[in-house]
Amino acid sequence: MSTLYNLGVGNHFSRDLPSVARSPDMATLALRSCRRGLSRFLSHGGLAASSSSHLKGERRHKSTVQYATRPDLPKLAYRKIKGKSPGVVFLPGYGSNMNGQKAEALEEFCKSLGHSCLRFDYTGHGASEGVLTEGTIGTWKKDVLYMLDELAEGPQTKMQFQEKGEWTIPSKHSEDGLYKFSMDFLREAENHCVLHSPLPITCPVRLIHGLKDEDVPWHISMQVADRVLSTDVDVILRRYGQHRMSEKDDIKLMVYTIDDLIDKLTTMV
């Protein structure tokens, strides 16, 4: 299960959070899920209902407080609901706890969509053991990493990738349902990022992309078109095109596009 994070303590933990949580594909998936459920959530009272319930002291559908026991460390109080991916992990702010209105509203929202949600109290906060004034950023960072490793389902941190030496992601385009990338492959790939500066391509360019492509977002083609130096650039978006663009009409379009380019280049010569 991939996880989305609501950060309430600045950027103290951002360095150790997974890149997958910030990737375009994940952002797209999260946005799509939120759009589907947000209108339903708000139409039933949404945040307003959660706020009013909080003020009245009601705790409708509230998850049960549980405690995570760690050797030689304070117990951490948490609330968790199970659900589908992507899940949400709520990190409270300094001096706050998991029972705030934002945390409860997010749990209600996740439950309305069937997504998992995890919220907890740092050491010395809320119902967790420990003394607030004795805590440090490092203490609470360890709290976060422990909760991710022990209570959040699925791969959560870059450290796991580094320890295993490879990154495994599910793919319906592979026979075994997985793509495996070595860390060396990923590090070397960083040397070939081309969308951060102009692309010295001056010939005619045609980019064909399916709007149903779940692996490479169609807006990547728009970025490529914006970076190339050519003055003859067209982006063709197929409304029902998939990632492989292997349907008969997709192939026909490619052939016709190539044929048109050949005629154009021949005429130019």
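Among contacts in the protein chain between residues at least 6 apart in sequence, what percentage join residues at least 24 apart? The figure is 67%, with a contact taken as heavy atoms within 4.5 Å. The model is a predicted one, so to speak of a local feature takes a pLDDT of at least 70, and side-chain atom pairs count only at pLDDT 80 or more, while totals for chains, interfaces and linings use all residues. Numbering starts from 1 along each chain as its sequence is written, and side-chain values use heavy atoms, with hydrogens and water left out.

Now for the overall layout. The protein chain holds eight helices and nine strands; these are DSSP runs numbered from the N terminus, with helices being H or I over at least four residues and strands being E over at least two. Of the 269 residues in the chain, 32% are buried. Here buried means under 20% relative accessible area, exposed means over 50%, and partly exposed covers what lies in between (1.4 Å probe, protein chains only).

Next comes the inside. In soluble globular proteins, nonpolar side chains tend to be buried together. The largest nonpolar core in this model has 14 residues, and Tyr78, Phe120 and Met147 have the most contacts inside it. Such a core is a set of buried Ala, Val, Leu, Ile, Met, Phe, Trp, Tyr and Cys residues joined through side-chain atoms within 4.5 Å. At least two residues of this core come from each of β3 (73–81), β5 (115–120) and α4 (137–150), and α4 gives the largest share, four residues. Leaving aside neighbours within four places in sequence, Met147 touches Ala68, Leu76, Tyr78, Leu118, Phe120 and Ala152.

Charged pairs turn up as well. The count is nine salt bridges, each being a side-chain nitrogen of Lys or Arg within 4 Å of a carboxyl oxygen of Asp or Glu. In one of them, Arg119 pairs with Glu107, with the closest N and O atoms 2.8 Å apart. Arg119 sits in strand β5 and Glu107 in helix α3 (residues 101–113), so this pair ties together parts that are twelve residues apart in sequence. Both Arg119 and Glu107 are buried.

Arg238 and Asp250 also meet in a salt bridge, at 3.0 Å from N to O. Strand β9 (residues 233–238) holds Arg238 and helix α8 (residues 248–268) holds Asp250, so here too parts twelve residues apart in sequence are tied together. Arg238 is partly exposed at 25% relative accessible area, whereas Asp250 is buried at 4%.

The salt bridge between Asp184 and Arg187 has its closest N and O atoms 3.5 Å apart. These two residues both lie in helix α6 (residues 183–189), three residues apart, or about one turn of the helix. Asp184 is exposed, at 57%, and Arg187 is partly exposed, at 47%. Elsewhere, Arg206, Asp232, Asp234 and Lys264 are linked in a network of salt bridges.

That leaves the cysteines. The structure has zero disulfides, a disulfide being a pair of cysteine sulfur atoms within 2.5 Å. For Cys110, the closest cysteine sulfur belongs to Cys117 and is 4.3 Å away, too far for a bond. Cys110 is buried at 4% relative accessibility, and Cys117 is buried at 2%.
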